[in-house]
Structures are given as C-alpha cells and as structure tokens.
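Here are my notes on the model you sent.

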Amino acid sequence: MLTIVFVKITLLVIVAYLVAIALRRASAGARHLVWLATLGGLVMLPAALQWRPIRVPVLPPSAKYAAPAATATERTAAHSPIAAEQTAAPAAPESPIPAEKTAAPKSAIPSEKTAAPKSPIPSERTAAPKSPIPSEKTAAPKSPIPAEETAAPKSPIPAEETAAPKSSIPAVAATTTEAKQSEPTSAQPMTAGSTFALATRYSALLIGLWALGVLALVARLVHGLLTVRRIAHTAHEVDGGAWRAALHEVADRLDMEEPPRLVVSNAVRVPFACGFRHPTIVLPIEAMSWTDERRRVVLLHELAHIQRRDMFGHLLSRLACIMYWFHPLVWMAARHLRAESERACDDLAIRSGARASDYAQHLLDIVTSIRGPVAPAVACTMARKRDFEGRMLAILDPERRRGTPSRLRAMALVGTLGALYAVIAIAVLAPRDAVAGARPLTRPAQVATITAPHVIAVTPAPRPLPMPTPAPTPAPAPITASASQTADSSALRWTLLMSILRSDSSASLRKVAAWGLEQFHDEDPVRSALAIALRHDSDPEVREMAAWALEGAEGDNVATALSDAVREDHDPSVRATAAWSLASNCRSINVPLFATALHDADAKVRASAAWALGQCDLQHAPSELGALLTDPEPRVRKMATWALFEIKDPSTEPAIEKALQHETDEDLRRDMVRAIAAMGERSPEAVERLLDSKDPATRELAVHALAGDHLFVWPMPWPRPRPTP
C-alpha cells in the first residue's frame, strides 16, 4: 500500500511540474492555480484510494491465467509433477501402471475388476459402499501408490477436471502428489504465516515512524499558528492618519469591501498578513518612519495576499507536507506554491499602479534591512531572502504577463487537473488477459467432493447479488419564514439608521449611520434619506459620507443631489467625493459639470473631475482637460493624462506634446508618451513622431501602438480613498 501511495504522489507532482513548465509564459496566478490544485489533490488522495479502483490492463499477463482450450491432462500436469511424468511418457515400459488400465476409455480410476465399465469407482472391492474414501481393501493389488495416501480429504484439483470422462491420468496419482506437496518439510524454513507476521511487524514499524513525523510537524504548525495569533493580539493598532488613509485608498483600488486590521509590533522585522476569518496586517516598528510611497507598496502586496486568500493555500500546502513528509516532491510542490503566490501578489501590486522599478527598490531595501528572525513561517510575509532573486527578475521583466486568469479559464484549468488527478488516484495497473476469455486455473469454490459411490461434480450456480433497496425520496422541506425574517430584519436596520441620520444630535453617529446605509442604497427611502443628508446636513464629514454611500445608486434624485454637491457644496472633500460617486453612473449631461469642476480651486476636486471624465467613455475630450496638463499639482496632471489616455482623442495630441516639452517629472513624461501612443489606431501621424525618439521605451510603445498591440495598458488610478466612520 505504501508503494502505491508513493508512486501516485510522484505521478501527481510530475504532472503538475510538466503543466507548470508548459505555462511558463503565462502569469504567476495561473501557475499558482496548478500547484494549489496539485496540493489539494494530494490531501484528497487517501479518500480517493477508498473508492472502487479502475483497472488499467497494461501489465504482462499473469501466469495464473491460461487459454480455455487447454486439456484436462495439461491442467493436471501443471499441478502434479508425478502426473506430468506419466503424461510425458505414457507408453514407457517402466510405467508402474498397466496399459490395460490406462486404456479404459471411460474409467477415471484404474481397476482390473471393475464390474460396470461406466462406473468411476470399482464396486466389487468396496468394503463400505457408503464411505466416500476407498479403504485398503479396495486398493488395486498392482498399484504402486499406497491406499493410505489416497485418503486426502480434499483434492486440490477442481471437480470438473477430476471427473473428466476422457482423462488418461489416474486421479489418485494427482491426489497423492498434491498431498505430498502439501506436507511440511525441513527444506521450507518460512511458512506463509511467518511471512505475514514479518510483513505485519515491518508495516507497524513504518506506520509508527510516519506517525512520529506527523506529530512533530503538527506540533510545529500549531506552534507557528499560536505565535502568529499572539503577535496579532499583543500588537498595537496603527492610529496614524497617513497609514489609515493609505490603507483605505489601496483597499478601494483592490475593490475590497472592508479593509483589514492594521497593527504594529516590535516582534517582527518584515510586514506580513495573517488571519482567516478576520485578516490582519502586522507591521514592524520601523514602518512608522516609512515614506508614503513605501506604505502604499507594502499595503498593495499584503492586501493582495488577503484578496487572493493565500493564507488558505499556504495552510493546505502545510497539511500536504505533514501527511507526506517522507516524500521530497511534496515539499518541492509546497515551495513552488509559495513562490508563485508571492509573484502573483507582486504582479497584482504592479498592475494596480505601482511602478516596477520603484517596487523592486522598496522590496530590496526591506530584504537587506532584515536582521534576525523574520516572522513565523505560517505567515504571508512580504519578503524572504530565499526566493528573492527570482522575484526581482520577475518584477523587472517588461515582457512578463501580469494578468490573472479569468474565472472561466481558472475553472477549466482546475477542472482538467482535478479530473486527471482523480484518474491517477483511482487507477490500478492490472495484468492484461493473454487470450480472450481466459480463466483462472484454480477455482476453490468449485472443487468436487466425493460424497457417495457415484461421484457427481457440482458447480454451484452464481448467486445473484442483492439489489439495494432504493431510498425513499425525502419529502421537500417545508418553506420556512427565514427569508421573510431576514428581509424584515434588514428593513428594521435601515429604518433605524435612517432615523439616526435624520435626527441624531451627534455628527459622529450620523456619519456612522450614513456609512451603514451604503449597503441598503437600493431602497428608495434610503436613497432619499442620503440625498437629503447630502444637501442639508450641517457637518461636512456627514455630507461626504452620504455622497460616498450614494455611489452606484440609481435614481434622478440621486444624480441631482450629487450634481448640486459638486457645483455648490462649500467643502472640497464633499465636492471631490460627489464627483467620484457621480462618475460611477456617468451620463452625457454630467460632462459639462465635470468640465466646469476642472477649474475648481481645490486640487482634489480637479483630480476627481478629470478621473470622472475618463470614466465617461467619451469620443472627444473637453478642451479644459488638455489645459489641465499644465496644472501645478503633479497628481492633477497625472489624472488628466490618464483621462486623455482613456478617451484617445487625436485632437488633444498637440496639447500633450506641448506639455511633454515642459514636463520635468519622468513618470509623467512616460505617461504622456503612453497617452500619445494609445492614439495609434485613430491617429498614426501622432505616433509617427515618437519613432524618432532616442528613448528605447518610447519607440517600443510607438511600434506596439502602430501594430495594434496594446501592451501599454494603464491601470486605472483611484482618485479617492473611502471615508471611514
């Protein structure tokens, strides 16, 4: 059994390795799925082995199968050396059996005085006609085989073979030979029982060694989980406004419903994510002095781990290593899973707006600053020295694919691997039949037994298997009132929250109520209450939260309230958030409003308005958007460049080129070149001038644009972090 398990594990991992090699040009997320499915199949392997195996006839035919055309003489000779000698030389003069006895055409037992030629047992010398075993008196006087040797109670030759009417081999000889072969001798030092006992002892020893390894690794895993839990519980909440703002901004970029808990601890040296039900990001104490850019890079990576639920994948890999700790390929598969998980998070961070060179530099600084223990092994840490070189090469590779497989492709990949692994787990190699219709030579259930003077070989008919009684179809469960109770509970919740939003004297409680009503903004009363709060609440934070809660809500009153807030509200945060919310359902009538907001005195409002225009799927960009390329705020210029990249209006190319001549920020210069290159399909003339650039990256973008290959996809920037209650 252990050999079978070892072989199946080896096959599973080899298949996964070959598939991963075939997907080396694909994204890290696709290869991560391969290793995740493989380790899941390894964990499920013991359950699959309990199923009915599928026989795969690929081995050479077994010796216990023979062609059905073999004669009874050949089958008897195969079991009896004495009979084989007699069969090989039937006419030899040294034969102890007279020829007249062996020539009897219908007698299976030789006897000179057989009264009835058709009787298989002589009747004249039978002392006890009812005895199933012939006595000494019934023995033939010239037979060289003693009668006592013929008294074996059970014949090892099947009934149909010993009772064959045309057999020329005495049945007594075959019986005597089998009896002699079954007697224990001094030349047989080990019996079947002793062999079984020895195998049992070795099996018990192997199981004991396996159990010791499992216990040691389980103890290590439990210790690691408890250490992570202790660190997360004893760490301090991060109260810094810069960290909280970065956390909510990155969480919004990744479209996470709720940001995780953010804590700081002096027991770790690198950031890591942990927690299954309640995710937590643990920061080292040195993180409090990090720059704003490094904060966002670190949070992008760790939130990517949480969004991808890598903690479950790492736990699955550790369970597989615990179960099969004796197999080195399982440990190799677990290392590949962790490496591809880190690379997939790096790709997601770069795809979400982080520049690859800056991201690699921050990662290098964090790794080189590690001194002492990094973090518990069960945690999803941002950096480890062991696999650092491969990650750096992957981050800086411009040709690397960084997308994630679509849900359909992921399901197809996992389903294909699952079906293949199931076949490997259930299949059992079996010998193929040498001849069609081959049958075993020995069938113990069909051995003939002499119970009367007239022996009749009886082959028991196969008993039909009992058919299982079909289980009664359960009656459909009665419909309960749980759905209506849930609806009533939700209605009660938003009714109470609306009451607090309208009448509570505490601005902080009204802000929390507006935040909670976001999940119910599909209800007409909720939308009306939020619109009223956006127009008339005296606290700007409450109005900002109401504007955020209305994002994605339908209705004319919602659009009117948000438009009025963009145009008339006195607080710039409210105007910026209202523009962001209004852009989620952008209409053509909103475009003049966003164009007017580009002249707002606050940079946040101008950036949100530019982002909103990029969301409106326009064919022609407003002239105010091109003028925004010379804005004094770099963030506003970046957002305007991204909007022009999305719109791809050739008429804006002169404005972009003019701004490119005066732009000093290298990132913005690259973004403006990207915006011009995006016009390749609409305006090849605009891209033609980029071919004369001395910058290889600029020329590469231009060539790809002319070829229609949009490798320069620009991740959507996020203009506004989510306000928190």
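Among contacts in the chain between residues at least 6 apart in sequence, what percentage join residues at least 24 apart?

1. The answer is 71%. Please keep in mind that this is a predicted model.

2. The chain has 725 residues, and buried residues make up 41% of them. Its secondary structure comes to 29 helices and nine strands.

3. Helix H2 covers residues 28-49. Its 22 residues should span 32 Å at 1.5 Å a residue, and the end C-alpha atoms are 31 Å apart, so the two values agree. Most of the helix is covered, as 16 of the 22 residues in H2 are buried.

4. Cys345 is placed in helix H12, which takes in residues 328-351. Is Cys345 buried or exposed? Its relative accessible area is 0%, and buried means under 20%, so Cys345 counts as buried.

5. The surroundings of Cys345 include residues from elsewhere in the sequence. Setting aside neighbours within four places in sequence, Cys345 is in contact with His301, Ala304, His305, Arg308 and Asp310. The C-alpha atoms of Cys345 and Glu302 are separated by 7.9 Å, although these two residues are 43 residues apart along the chain.

Key. Residues numbered from 1 in each chain as written. Predicted model: local features only at pLDDT ≥ 70, side-chain atom pairs only at ≥ 80, totals over all residues. Heavy atoms only, no water. Helix = DSSP H or I, 4+ residues; strand = E, 2+ residues; numbered from the N terminus. Expected span 1.5 Å × (residues − 1). Buried < 20%, exposed > 50% of the residue type's maximum accessible area, 1.4 Å probe, protein only. Contact = heavy atoms within 4.5 Å.
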